[in-house]
Amino acid sequence: MSGIRGLNLDRIEQLLSGRTQRVVLNGVASEQCPVTYEVPQGSVLGTSLFLIFINDMTETVSEKTSIRFHADDTILYRKNRSQHDNHELNSDENKLEKWEENSQYMELNAQ
């Protein structure tokens with residue numbers, strides 16, 4: 001857990017609730033739709049809230065596998081000196097896919 005409680009939690013909930021979005025293309029606007037998840041990009045708290053959301057992602061991989069984040073990219077890597085190392089890296093990738101399923105909101109794009 002992030003440890004956010006009380007007034008701070010209330011303010012974050014207010015920031016994230018009741019938001020809508022619409023698309024404007026060639027001067028024509030779509031109807032507004034509710035935004036039920038995601039962190040507002042460009043907000044003061046956006047980066048911190050995103051990091052809190054993905055904080056447990058690093059706990060899913062084994063000790064010898066490294067996970068690095070840069071902006072919206074995630075890199076999973078490990079020294080691959082044997083077939084066992086290759087198997088472990090694949091296993092960690094599967095663990096991240098399971099984390100993705102459990103998050104219900106995050107979609108990873110493996111490349």
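A salt bridge here is a side-chain nitrogen of Lys or Arg within 4 Å of a carboxyl oxygen of Asp or Glu. The model on screen is predicted, and the tour starts with a pair that meets this criterion.

**Stop 1: Lys98 and Glu101**

Select Lys98 and Glu101, whose side chains meet in a salt bridge with an N to O distance of 3.9 Å. Both residues belong to helix H3, and because they are three residues apart there, about one helical turn separates them. Lys98 is partly exposed, with a relative accessibility of 48%. Glu101, with a relative accessible area of 55%, counts as exposed. A search of the whole structure finds four salt bridges.

**Stop 2: Asp92 and its partners**

Stay on helix H3 and select Asp92 and Lys95. Their side chains form a salt bridge, 3.5 Å from N to O. Lys95 and Asp92 are three residues apart in helix H3, so about one helical turn lies between them. How accessible is Asp92? Its relative accessible area is 0%, which makes Asp92 buried. Lys95, by contrast, is partly exposed at 34%.

Arg78 and Asp92 are both buried.

Salt bridges that share partners join Arg78, Asp85, Asp92 and Lys95 into one network.

**Stop 3: Phe53 and Trp99**

Next, show the rings. How many aromatic pairs does a search of the whole structure find? The search finds one. Select Phe53 and Trp99: their ring centres are 6.2 Å apart and the planes make an angle of 70°, an edge-to-face arrangement. Phe53 sits in helix H2 (residues 46-54) and Trp99 in helix H3 (residues 83-103), so the pair ties together parts that are 46 residues apart in sequence.

Trp99 has a relative accessible area of 8% and is buried.

**Stop 4**

**Stop 5: Glu38**

Finally, move to Glu38, in the loop between strand E4 (33-34) and H2. Glu38 is exposed, with a relative accessible area of 55%. Show what lies around Glu38: leaving aside neighbours within four places in sequence, Glu38 is in contact with Leu16 and Arg19.

To end, draw a line from the C-alpha atom of Glu38 to that of Phe50. The two residues are 12 apart along the chain, and their C-alpha atoms are separated by 8.5 Å.

Definitions and conventions:
Residues numbered from 1 in each chain as written. Predicted model: local features only at pLDDT ≥ 70, side-chain atom pairs only at ≥ 80, totals over all residues. Heavy atoms only, no water. Phe/Tyr/Trp six-rings, centres within 6.5 Å; stacked < 30°, edge-to-face > 60°. Helix = DSSP H or I, 4+ residues; strand = E, 2+ residues; numbered from the N terminus. Buried < 20%, exposed > 50% of the residue type's maximum accessible area, 1.4 Å probe, protein only. Contact = heavy atoms within 4.5 Å.
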